[in-house]
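Q: I have a protein open here and want to go through its side chains. Can you take me through them?

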Amino acid sequence: MHQILRFILLCVVASTYAQTDTSFCQKSSLVLNMLENNHYKPKTIDDNFSTYVFNKLFERLDDKHMLYSEADIEALEDLKTKFDDYLMNEECDFIKTLTASYKSQLEFAQQSIENLEKSKLDFSGKDSVSYGTLEDKAEFSNTRKTLQKRWSKKIRIDIIREYLSLSKPSNFSKVKTQIKSKVIAENKCFILDKLQAVSGLESFVETTFLDVVCSYFDPHSSYFDPTDNTTFMNSIGTETNSIGVWFSKNSDGKIVVSGLQTGSTAWKEKEINAGDLVLSLEANKNKLSTTCLSLESLYDFIFDEANKIFNINILTEKNINKTVTLKKENLKIEVNAVNSFILKGEQNIGYISLPSFYTNLDYGYGSANDIAKELFKLNAVNIDGLILDLRGNGGGFYETGNRFGRNVY
């Protein structure tokens with residue numbers, strides 16, 4: 001009896017262009033054409049589309065509701081029903097308007113935090129504030145004035161949380177100043193990291209906008225820029241084009257080396273080691289300071305297709321300052337690979353583990369071909385049954401999964 005294996009793949013809408021100078025209008029046209037021509041249930045690009053994109057865009061740009069007030073959003077109300085017209089007529093200057101607005105809100109938040117840094121904060125009495133993700137159902141502040149008050153509340157709450165997280169809290173008044181400095185620095189870094197987006201602020205707004213456009217069609221369609229696409233393909237392949245170094249943040253919020261990939265040049269030469277403090281990275285004459293840098297921005301810089309050779313300035317655990325040069329190379333990712341063996345007993349049962357529907361760097365049919373090879377090996381020893389373990393398999397590369405589904409039964 002043939003048993004059809006059914007599975008769900010995460011479908012990702014990704015542009016296939018390689019040029020980094022592709023205009024926003026060209027990107028938009030590519031995305032809309034792909035969605036309209038290939039989506040299983042395309043939607044009409046009309047005023048409903050525009051309204052959805054307008055509302056969802058500000059939720060994405062400001063998911064914690066700490067950057068925009070309702071008044072700031074209302075100032076852009078003229079765009080609310082016009083995105084469809086602009087995109088269809090290839091009139092894309094509105095993205096510059098959105099970018100300028102976003103930059104203005106970030107700078108306003110930066111100024112609000114700096115004002116609080118100089119102010120004496122009042123912790124007496126009762127107060128409350130709602131901010132955070134969409135699930136928290138936080139609402140935007142009415143005006144910039146109330147938004148400033150929200151920043152005051154957030155900073156005070158962050159200070160109290162930091163105090164309560166201490167293993168041995170002492171008198172609050174004694175540690176308040178020190179904790180305040182740490183909290184202010186963290187919030188300033190949050191804003192600065194956005195202002196200094198690796199790909200540029202306009203590119204970030206463009207990517208966010210196009211991702212919202214994809215989500216209008218269904219919640220599982222996403223837009224990947226070239227760097228996002230490289231990151232995703234590396235995550236579902238058996239090979240990755242990488243420098244072989246992993247990073248994390250220490251307890252002080254500074255970026256450190258967390259590990260080296262076995263077999264990489266970095267691992268072999270031992271010039272950089274786990275625990276080293278990363279001060280900066282340079283590639284293509286672009287220098288990236290790690291001060292106030294998020295891990296996401298760091299990996300965006302590393303996975304940028306234009307960056308091949310990196311000069312990494314580190315401070316070792318022995319306080320030696322040095323610069324290490326690393327080049328991207330193709331490295332194996334064993335954790336993604338298919339594994340098989342035979343469970344021996346009264347019957348010989350073949351077992352195959354498939355952690356993801358992965359591909360190869362050349363976009364070949366990685367997991368589909370590997371499964372076929374393992375089945376051939378198992379059939380050669382006359383197994384009585386087969387277990388195909390898909391536990392933890394969340395999907396992966398569409399073409400690989402599609403080929404797998406057609407041929408394995």
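A: One term to begin with: buried means under 20% relative accessible area, exposed means over 50%, and partly exposed is in between. Keep in mind that this is a predicted model.

Q: Which residues form a negative surface patch with Asp 85?

A: Asp 47, Glu 91 and Asp 93 form the negative patch together with Asp 85.

Q: Switching to cysteines. How many disulfides does a search of the whole structure find?

A: The search finds two. Cys 25 is bonded to Cys 92, with the sulfur atoms 1.8 Å apart. The other disulfide joins Cys 189 to Cys 292, at 2.0 Å from S to S.

Q: Where in the chain are Cys 25 and Cys 92?

A: They sit in distant parts of the chain, 67 residues apart. Cys 25 is in helix α1, which covers residues 24-38. Cys 92 is in the loop between α4 (83-88) and α5 (94-118).

Q: And where are Cys 189 and Cys 292?

A: Cys 189 is in helix α7, residues 172-195. Cys 292 is in the loop between β7 (286-289) and α11 (295-303).

Q: What about handedness? Is the link of Cys 25 and Cys 92 right-handed or left-handed?

A: That link is right-handed, with 105° about the S-S bond.

Q: Then why is the disulfide of Cys 189 and Cys 292 left-handed?

A: The torsion about its S-S bond is about -55°, so this disulfide is left-handed.

Q: Are these cysteines buried or exposed?

A: Cys 25 has a relative accessible area of 16%, so it counts as buried. Cys 92 is buried as well, at 11%.

Q: What pattern do the disulfides follow?

A: Counting bonded cysteines along the chain, the pattern is 1-2, 3-4.

Q: I also see Cys 214. Is that one buried or exposed?

A: Cys 214 is buried, at 0% relative accessibility.

Q: How many salt bridges does the structure hold?

A: It holds ten. One of them is between the side chains of Asp 211 and Arg 60, at 2.8 Å from N to O.

Q: Which parts does the pair of Asp 211 and Arg 60 tie together?

A: Asp 211 lies in helix α8 (residues 201-217) and Arg 60 in helix α2 (residues 47-61), so the pair ties together parts that are 151 residues apart in sequence. Asp 211 is buried, with a relative accessible area of 19%. Arg 60 is partly exposed, at 34%.

Q: What about Lys 322, which side chain does it meet in a salt bridge?

A: The side chain of Lys 322 meets that of Glu 271, at 3.5 Å from N to O. Lys 322 is in strand β9 (residues 321-327) and Glu 271 is in the loop between α10 (265-269) and β6 (277-283), so parts 51 residues apart in sequence are tied together. Lys 322 is partly exposed at 26% relative accessibility, and Glu 271 is partly exposed at 40%.

Q: And Glu 77, what does its side chain meet?

A: Glu 77 meets Lys 80 in a salt bridge, at 3.7 Å from N to O. Glu 77 is partly exposed, with 36% relative accessible area. Lys 80 is partly exposed too, with 22%.

Q: Last topic, the backbone. What is phi of Lys 270?

A: Lys 270 has a positive phi of about 55°, although it is not a glycine. Its place is in the loop between α10 and β6. With a relative accessible area of 52%, Lys 270 is exposed.

Q: And what is phi of Lys 285?

A: Phi of Lys 285 is near 65°, again a positive value in a residue other than glycine. Lys 285 is in the loop between β6 and β7. It counts as exposed, at 80% relative accessibility.

Conventions: Residues numbered from 1 in each chain as written. Predicted model: local features only at pLDDT ≥ 70, side-chain atom pairs only at ≥ 80, totals over all residues. Heavy atoms only, no water. Disulfide = S-S within 2.5 Å. Helix = DSSP H or I, 4+ residues; strand = E, 2+ residues; numbered from the N terminus. Buried < 20%, exposed > 50% of the residue type's maximum accessible area, 1.4 Å probe, protein only. Salt bridge = Lys/Arg side-chain N within 4 Å of Asp/Glu carboxyl O. Patch = residues over 30% accessible without salt bridge, like charges linked within 9 Å, V, L, I, M, F, W, Y side chains within 5 Å. Areas by Shrake-Rupley, 256 points an atom, 1.4 Å probe, with all protein chains shown as cover. Lys, Arg positive; Asp, Glu negative; His and termini not counted. Charge placed at Lys NZ, Arg CZ, Asp CG, Glu CD.
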